[in-house]
Amino acid sequence: MLKFIRGKGQQPSVERQRLQKDLFAYRKTAQHGFPHKPSALAYDPVSKLMAIGTQTGAIKVFGQPGVELYGQHTLVNNSASELNVQLLEWVYGTGRILSLTAANQLILWEPVGTTLLPIKTLPFDGKLKKVSSLCCSLNKDLLWIGTEGGNIYQLDLNTFTIKEPVIYHDVVLEQVPPAYKLNPGAIESIRQLPNAPNKLLVAYNRGLCVLWDFETSSVERAYIAPGHGQSVGLSVNSGGSEFSWYHADGSYATWSIDNEKPPSNVNYVPYGPDPCKSINRLYKGERGSNDVIVFSGGMPRSAYGDHNCVSVHASDGLKVCLDFTSKVIDFFVTYKNNTDVAEVLIVLLEEELCAYDLTDSNISAIKAPYLHSVHASAVTCNYLASQVTQSVYESILRAGDEQDIHYSNIDWPITGGVLPDSGESDEEDTAKLYEILLTGHEDGSVKFWDCTGVLLKPIYNFKTGSIFGSEHEFRDDAVADISADQLDEGEPPFRKAGLFDPYSDDPRLAVKKIAFCPKTGQLIVGGTAGQIVIANFDDASEKVSLKYSSMNLVSDRDGFVWKGHDQLNVRPNLLEGDAIPLTENSVTISGVLQVLPPASITCMALEANWGLVSGGTAHGLVLFDFKNFVPVFHRCTLNPNDLTGAGEQLSRRKSFKKSLRESFRKLRKGRSTRNNPSNQVPTTLEARPVERQIEARCADDGLGSMVRCLLFAKTYVTNVNITSPTLWSATNASTVSVFLLHLPPAQTAATAVPSASGNAPQTPRRISAQLAKEIQLKHRAPVVGISIFDQAGSPVDQLNAGENGSPPHRLLIASEEQFKVFSLPQLKPINKYKLTANEGARIRRTHFGSFSCRISPELLQNMQGSSPTKSTRSHGDGEGSANISTTAGRGDVYHETALICLTNMGDIMVLSVPELKRQLNAAAVRREDINGISSLCFTNSGEALYMMSSSELQRIALATSTVVQPTGIVEVEPLETEESELVEKDDESDKETCTNSEVVNTLDVKDPPVATIRAKPVEGNLDRSSLHLTNGICNTSSPNQANETITSSIGDITVDSVRDHLNLTTTTLCSTTTEETVGRLSVLSTQTNKATTTVNVNDIPDINISNLGDLASKSSNTTETSTSSVVIKSVITSISHEKTNGESEKGSTKTTAPEESQF
């Protein structure tokens, strides 16, 4: 009881709470990879921007590398069709984009900082009004909407209302030659002539195309396809003199706009004469003196109907058919400076984005700067190498450059948006450290991704599949590839295109664990069949032929029978004495270690300075010296009495005495409630103490012998004065073993002073290991992490070679259910944190992160005794990472190392060490997202990456000092009605300033300087640069729409803030229709020196804010003088207003913080 009372009193001090806010903050920052389930593509040739919409409601806009904007559709009527984006159309040159959903809703989006916000919505009702095509005018004021009923509506983009005239299909039919007597069907395509903006070219579904003149409101010319072939669409050339019309039967033709007669090759089918599938999209361009036609689809239906192709046909006879492995969603072609010279083809597929150089007759591929498909082969494991040194990073880049020589060097055409100047990064380049994500794949490859910044760049692809297999299989594959290139005469000129390849030849090749040394470039890859591949990026190491070794874990267990898959065989020609050293793109594969039985590798540890690697499986662990290529030792963890590996049955229920006591307590409660019916029967949780019961683990809930984690550390094991090299291992049954390693003098010296070459001289004395200590945790839950940290909280394994950290060292053992800290070398328990017993969650992953912030010396002095964590203080600029953004101002840089933990519920906790006090708790991943939780990995600077879908990575930040997020913005052209509204708003505020002359500070809703905003501290959940938002202001000239001025809300709504709010701006809510207007003011900081606020309660409109109750109960007039500093946080103000006949107007203001899932 005393312990309970003492624990309740230990609340963090005020200084510590302030420091927590400065150190820890959770936010979702950037998204990497390829969007999940893309459904629409659009390109703005004026702003040079590309947009992608998905079936899940996401819209992503990409400009030059570093400019990325995210938007998210929201559910209104709980229908999935409200999220499915079917069409995207740019308002050219303005930065705004229109989306059409499957629910037939048209939404106008506007960039605000790095976010896309929906500012206007227009729903269409009725089947005949089902939208089939969109076309935005070159003047940016109109949108033409084609429907399945055959009518064309005009949408005024300034007022977002339908305006006259409507082009009805029966009016068009009256002016079409009498030979055409069909109902023309749906509008398939609308194009405005670039040389005559008052004329529209309209293609109907049933082989009719008309040129409509707005000046005369009549059909100027009609084009009729012979046989009335079903139209799919059309494209107009840059001069407006001709158009290409393509059809559902796989044919296309180029028509002259001035001539109604069909061209001579009107029925040209490129892949005929057999029946062909529809051409879905077609562009025409020029390459030199030749015409180039680019189209998707059009394949012969019977023979190649299942191919996903984009064809490039030149008039000089060169034809290429790009054959992709996933469905073609859409594509576009970029042209040179408003001419017909085609430059780049960009294809959006279901699983990847591909780009090709059309100026090259070979149609060579282009390496895009973003939108790379992470899952070209299915991702089987993730590993984040944090703080990789410059030299190792450059050696990886050199290896990757050799793989990229076949890519085209043409400039990336999408260059829109504005990037802020980053002048500071140049000074820190010398000491820059990099974050590299390594993804293991099903085909045995390991891909290296540079995730230091906003862009996820692929820098190298390491393949292990070529090592394994028999020689004749390898030759057969090569012959098959050659024969595949030799095409039949009648076959389309197929070329394999794209990187997405979901099929693996052998499931045993799949990568399960990766270890990479960020300082030396040593790479270890563990696979499904017990294979461990050893490679390095060290150019100076001598090249030797591939070596092979095996270690049998169950050699002394006679009764053991392995019933799983066989091991993989290394190709025999690689192991011959005179074999050429296996070097792939400057990466030397030095050897393969095979663990027997060939079960999957469950964990790995690497210590490159000692030349040691350790691997664990379900049967035990091995320790291997890869520098001398000799086994050191192996240990079988199987229970000798149970060779199935199931382990003994563990009973983890409460004791008999406790169970008996609880039963009697229930009986007594039952009697008392029986006598007194008014009492409610308490639930089981109320009857029990707060601590939850941990369910007993049955024999089949996991292999108790499975090795879950391994750790190399130089720490105090034998005595307090001398550190020794050790290997720590832990199993599913909570058995932690400590092995003392005896290293030869050369390798011991290498730990103190790393040798330049990285190669220790060969010595006759071998490395040996012996079991020093063993710990058996009572609760027997699987151990998920072992860490040893010094007095400052820094993990010993992250220190530089030769550093031991400040004693004493402490050991942290994280099982699925609790954290426990032990002293070293005594191994006495110091502290523990029960997670499962108190909260019901299980621990999935742990990591140590470094957190820093600038604080004043006074604050540091006040909290010297109250900080729960031993900390270090420096006068430098943090750790020198280019992504660290510190708050401007004087003061010391305060560093703190904390424990980061991920639970099976998707929550991330930050705990101080060694006290294990919670500093932050954030719901990061949806608890249903099992793949996201299992793929999450942390960096050393308090960031994390996880797979938000099979192809997409979400980046999150837990530290305030390291936030990697898009900083590029898109400049928005204001709507025409905006200026008049701002003038009226300024007039109103001038009148109010005259009335209340003592008000010093007013809110300025105009564009603040971008540089000023960027210098402000981050206060909201998202740091967004501010751009002006139109807020759905309606056209005052329309009699049905009234003037609306939407004011932004201030952080937490209080009585004082509402007084200031009402005094500074006027809110008039008046509308005839129910509409949602969403506005957002980005992070601003304003200072009020002395403000006298006068509020007349009778003037306050009927706004549903609960905190206004106090204000209403006071006297009618309230005057208050205050001196304060106001910080306006990022919020989304959603204002709904309704008016029905005969009722008074009602306005309701709803303020919500922006949901993280939307961005």
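**Sheets, salt bridges and aromatic pairs in a predicted model**

Tyr223, Phe243, Trp245 and Trp255 come together as one aromatic cluster. For the ring count, Phe, Tyr and Trp rings (the six-membered one for Trp) pair if their centres lie within 6.5 Å, and planes under 30 degrees apart are stacked, over 60 edge-to-face, and the rest tilted. The model is a predicted one, so local features need pLDDT of at least 70 and side-chain atom pairs count only at pLDDT 80 or more, while totals for chains, interfaces and linings use all residues. Residues are numbered from 1 along each chain as its sequence is written, and side-chain values use heavy atoms, with hydrogens and water left out.

By the ring rule, the count comes to 27 aromatic pairs. One of them is Tyr370 with Trp412, an edge-to-face pair at 5.9 Å centre to centre and 90° between the planes. Tyr370 sits in the loop between β28 (365–366) and β29, and Trp412 in the loop between α5 and β30, so this pair ties together parts 42 residues apart in sequence. (Helices here are DSSP runs of H or I with at least four residues, strands are runs of E with at least two, and both are numbered from the N terminus.) Tyr370 counts as buried because its relative accessibility is 2%, and Trp412 is buried too, at 13%. Buried stands for under 20% relative accessible area, exposed for over 50%, and partly exposed for what lies in between, with a 1.4 Å probe and protein chains only.

On to the sheets. Strands of a sheet pair through backbone hydrogen bonds, either parallel or antiparallel; the working rule is that two strands pair if DSSP finds at least two bridges between them. An open sheet of four strands runs in the order β29-β30-β31-β32, with antiparallel pairing. Its edge strands are β29 (379–388) and β32 (457–463), each pairing on one side only. From one strand to the next, the twist averages 20°. In the antiparallel pairing of β30 (residues 434–441) with β31 (residues 445–450) there are five bridges, and Thr439 has Lys447 in β31 as its bridge partner. Helix α5 (residues 390–403) lies across β29, β30, β31 and β32, running at about 75° to β32. Such angles run from 0 to 180 degrees between N-to-C directions, the axes being lines fitted to C-alpha atoms, for helices over the stretch in contact.

Another open sheet of four strands has the order β1-β59-β58-β57, again with antiparallel pairing. Here β1 (24–33) and β57 (937–938) are the edge strands, each pairing on one side only. Helix α2 (residues 14–23) packs on this sheet, touching β1 and β59 (952–959), and its direction makes about 10° with that of β1. A contact is a case of heavy atoms within 4.5 Å. Two bridges join β57 to β58 (residues 943–947) in the antiparallel sense, and Cys937 stands opposite Leu945 in β58.

Glu943 forms one with Arg955, the closest N and O atoms being 3.0 Å apart. Glu943 belongs to strand β58 and Arg955 to strand β59, 12 residues apart, and both residues are buried.

Over the whole structure, the search turns up 19 salt bridges. Among them is the one between Lys140 and Glu973, at 3.4 Å from N to O. Lys140 lies in the loop between β10 (131–136) and β11 (142–147) and Glu973 in the loop between β59 and α13 (976–995), so the pair ties together parts 833 residues apart in sequence. Lys140 is partly exposed at 27% relative accessibility, as is Glu973 at 34%. Arg221 and Glu220 also meet in a salt bridge, at 3.7 Å from N to O; Arg221 counts as buried at 18%, whereas Glu220 is partly exposed at 32%.

Finally, there is Asn237, in the loop between β18 (231–236) and β19 (242–247). Asn237 counts as buried because its relative accessibility is 15%. Leaving aside residues up to four places away in sequence, Asn237 touches Pro194, Glu242 and Asp340. Its side chain reaches the backbone nitrogen of Gly240 at 3.0 Å.

Definitions and conventions: A polar contact is a pair of N or O atoms within 3.5 Å; within protein, one must be able to donate a hydrogen and the other to accept it, and residues adjacent in sequence count only if both atoms are side-chain atoms. A salt bridge is a side-chain nitrogen of Lys or Arg within 4 Å of a carboxyl oxygen of Asp or Glu.
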